[in-house]
Amino acid sequence: MIELAAFCNPELSTCSRPFSDGIYTYATDNKIIVRVPRVASIKSRGVMEPMPPDAAAMFAKHDAASSPWLPWPPEMKHGQIWQGYCESDSCRDGKVTVDCPVCNGVGYTKCGQCGQDVECRQCGGTCCLKTTTDCPECCGKGKLYQHVARIGSMCFDEKTLARVQITEYRFAGLHMLAFKFDGGDGLLNRMSLHSADFLKQDA
């Protein structure tokens, strides 16, 4: 059986723990939701505070869908979307930085004649020097990207797709992907993206 706690979100009180309802046990992080046959040791949704989302209702309309299940993986287009510039304190333009050895990372030195604080000539007052080592947070790009898979007209986060070994899938309305895995099934929310946001993998 999959580790249900791995599909929870400890930062969301209603999604922080697996819960049971009817003949199933569920887990969700508000992006992906999975269900397995009921686990006796996991509490019922109705006795939990705060009460988890009504997962049974979410699945009900998809359980009644007549569209066929298709084998995984489908045809995908892989890309990425820009999320912003790298925010690592030790990153400058994608390279790891180190404290300037002349000013010891403070950005200024003492003037040898008047004793006043002056801008460090070595680092230009930035306190650090750029090395040739790629930043591990942004892989040397200086920008952060989210890797995305496009299936049909929908886009999904690749990391989320990789969290479960999907065996079959079908589209669940306009906003979700329904999927099966060994021992259960689930639903995954699509990402809200415009076509212009979807960049080539090598962008």
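## Largest pocket

Strand 11 contributes the most to the lining of the largest pocket, with five residues. The model is predicted, so that local features need pLDDT of at least 70 and side-chain atom pairs count only at pLDDT 80 or more, whereas totals for chains, interfaces and linings use all residues. Residues are numbered from 1 along each chain as its sequence is written, and side-chain values use heavy atoms, without hydrogens and water.

The largest pocket holds about 480 Å³ of space. A pocket is an open set of points, on a 1 Å grid over the protein atoms alone, where a 1.4 Å probe fits, with protein on both sides within 12 Å along at least five of seven lines; lining residues have an atom within 4 Å of a point. Its volume is the space filled by probe spheres set on the points, which are joined across faces, edges and corners. Of the 23 lining residues, Y145, Q146, H147, D157 and K159 lie nearest the centre. Two or more lining residues come from each of strand 5 (77-85), strand 11 (143-151), strand 12 (154-157), helix 2 (158-161) and strand 15 (184-189). By class, the lining comprises seven nonpolar, seven polar and nine charged residues; Ala, Val, Leu, Ile, Met, Phe, Trp, Tyr, Cys and Pro count as nonpolar, Asp, Glu, Lys and Arg as charged, and the others, Gly among them, as polar.

## Sheets

Helices (H or I, at least four residues) and strands (E, at least two) are DSSP runs numbered from the N terminus, and two strands pair if DSSP finds at least two bridges between them. Seven strands form an open antiparallel sheet in the order 1-2-3-15-14-13-4.

Two bridges join strand 6 to strand 7 (residues 95-99), and C91 stands opposite V96.

## Aromatic contacts

The whole structure contains six aromatic pairs. F179 and F181 form a tilted pair, at 6.2 Å centre to centre with 40 degrees between the planes. Rings of Phe, Tyr and Trp (its six-membered ring) pair if their centres lie within 6.5 Å, with planes under 30 degrees apart counted as stacked, over 60 as edge-to-face and the rest as tilted. Both F179 and F181 are buried (under 20% relative accessible area, 1.4 Å probe, protein chains only).

F19, Y24, Y26 and F59 form one aromatic cluster. R35 lies over the face of Y24, 4.3 Å from the ring centre; the criterion is NZ of Lys or CZ of Arg within 6 Å of the ring centre and within 35 degrees of the ring normal.

Conventions
Buried means under 20% relative accessible area, exposed over 50%, partly exposed in between (1.4 Å probe, protein chains only).
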